[in-house]
Amino acid sequence: GVDYASSRYVVVECSAIPGYDSIRKCEKVDEQQIEEGIVKKALQVAREQPLLVAILMEAAEMPPYSDAVRAATGLPVFDSITCANFFIKGFTSAEGFGLSSIQDSL
């Protein structure tokens with residue numbers, strides 16, 4: 001398992017970001033307000049944690065904001081979509097290696 005209390009991980013609570021509670025309440029979302037808040041939080045964490053090498057957007061609601069965080073921080077940002085793409089790519093052949101029909105046999 002993963003020990004989230006390890007000093008290797010920085011867990012950041014985002015529920016205090018203005019507008020974020022509307023996601024949880026299934027209310028109309030001000031995406032711009034939330035994006036600005038998440039980017040601000042990511043930049044703050046990046047300043048406070050100079051050894052930060054990547055960001056994981058853990059919540060299912062976070063992928064729409066990943067690109068903005070990537071652009072602002074210059075760090076790799078992983079979310080449910082990028083992780084799913086990574087997993088699926090493990091079942092496809094690499095272009096240029098002659099096994100392009102391998103996924104047809106799966």
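Reply: Let us begin with the chain as a whole, where 36% of the contacts between residues at least 6 apart in sequence join residues at least 24 apart. Please keep in mind that this is a predicted model.

Me: What makes two residues count as a contact here?

Reply: Contact means that heavy atoms lie within 4.5 Å. P18, for example, touches Q33 and I34, when residues up to four places away in sequence are not counted.

Me: Why is P18 called partly exposed?

Reply: The relative accessible area of P18 is 47%, and the label partly exposed covers values between the 20% limit for buried and the 50% limit for exposed, so P18 is partly exposed.

Me: Why does Y4 count as exposed?

Reply: Exposed means over 50% relative accessible area, and Y4 has 57%, so Y4 counts as exposed. Its place is in the segment before α1, a helix that spans 21-24.

Me: Which residues form a nonpolar patch with Y4?

Reply: V2, Y9 and V11 form the patch on the surface together with Y4, and the accessible area of these residues together is about 440 Å².

Me: How much of the protein chain is buried?

Reply: Buried residues, meaning those under 20% relative accessible area, make up 25% of the 106 residues in the protein chain. The chain has 4 helices and 2 strands, which run α-α-β-α-β-α from the N terminus on.

Conventions:
Residues are numbered from 1 along each chain as its sequence is written. This is a predicted model: local features need pLDDT of at least 70, side-chain atom pairs count only at pLDDT 80 or more; totals for chains, interfaces and linings use all residues. Side-chain values use heavy atoms; hydrogens and water are left out. Patches are made of residues with over 30% relative accessible area and no salt bridge: like charges are joined within 9 Å, nonpolar side chains (Val, Leu, Ile, Met, Phe, Trp, Tyr) within 5 Å. Accessible areas come from the Shrake-Rupley method with a 1.4 Å probe; for residues, only the protein chains shown count as cover. A salt bridge is a side-chain nitrogen of Lys or Arg within 4 Å of a carboxyl oxygen of Asp or Glu. Buried means under 20% relative accessible area, exposed over 50%, partly exposed in between (1.4 Å probe, protein chains only).
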